[in-house]
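Here are my notes on this model for you to read beside the structure. Please go through the points in order.

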Amino acid sequence: MTKQTNTSLIRKTPYDQTQIARYGVAYPELLNNPETPVEYITGVCEASSLLFKVNQNVLIPRLETEELVTKIVDTYPLSPDTPIRIADIGTGSGFLGIAVSWHLAQKFPQLAIELTLADISKAALNVARENADTILKKKSQINYTLVESNLFQDIPVQKFDIILSNLPY
């Protein structure tokens, strides 16, 4: 499978002096790769108040996706006594599924959450696994499964209460 790069996500302008002063000492590769997003150079991205590992195998979470997480958490009708199943299809870094699950667990500490993170890319699933292991380790009410799958193809048939996806174009 050939990896396609979404050119709209690549920096079009060099880093300014403030950015270079902030990151340039620790990450001199900024000077040699001014079009590379700083998140790929540092290997982390803060999104929805959580730190996610990112690399060239996954897309960097965008502000619009963070807004989607907030909207779901704020508006999804839940009964805290009924477990929910969440699927994140084309998970990449795991951002959508992990962030929604984490924030729902914060809002409803007794809520049991079953999270399925699925992606066709093994490399992306490795990033999602690291993020899930790191971010969800203190949320015992969240159980998660990672599945290598093209969309729903290899996901066991089941009912999901929330299906999330933000596939690259």
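1. Strand β3 (residues 84-89) is mostly covered, with five of its six residues buried. Buried means under 20% relative accessible area, exposed means over 50%, and partly exposed lies in between (1.4 Å probe, protein chains only). Helices (H or I, at least four residues) and strands (E, at least two) are DSSP runs, numbered from the N terminus.

2. This is a predicted model: local features need pLDDT of at least 70, side-chain atom pairs count only at pLDDT 80 or more, and totals for chains, interfaces and linings use all residues. Residues are numbered from 1 along each chain as its sequence is written, and side-chain values use heavy atoms, leaving out hydrogens and water.

3. Look at β3 and strand β4 (residues 113-119). They run parallel, joined by six bridges. Two strands pair if DSSP finds at least two bridges between them. Across this pairing, Asp88 stands opposite Leu117 in β4. From β3 the chain passes through helix α5 (residues 95-107) to β4, a right-handed β-α-β crossover. Right-handed means that, with the strands pointing away from the viewer, the path from the first strand over the helix to the second runs clockwise.

4. Strand β6 (residues 162-165) also runs parallel to β3, with four bridges joining them. Here Ala87 stands opposite Ile163 in β6.

5. Ile163 also belongs to a nonpolar surface patch with Leu151, Phe152 and Leu167; together they have about 360 Å² of accessible area. Patch residues have over 30% relative accessible area and no salt bridge; like charges are joined within 9 Å, nonpolar side chains (Val, Leu, Ile, Met, Phe, Trp, Tyr) within 5 Å. A salt bridge is a side-chain nitrogen of Lys or Arg within 4 Å of a carboxyl oxygen of Asp or Glu. Areas come from the Shrake-Rupley method with a 1.4 Å probe; for residues, only the protein chains shown count as cover.

6. Leu151 lies in the loop between β5 (142-148) and β6. Its relative accessibility is 44%, so Leu151 counts as partly exposed.

7. How many aromatic pairs does the count give? One. Rings of Phe, Tyr and Trp (its six-membered ring) pair if their centres lie within 6.5 Å; planes under 30 degrees apart count as stacked, over 60 as edge-to-face, and the rest as tilted. Phe52 and Phe95 are edge-to-face, 5.2 Å centre to centre with 75° between the planes. Phe52 sits in strand β2 (residues 50-53) and Phe95 in helix α5, 43 residues apart. Both Phe52 and Phe95 are buried.
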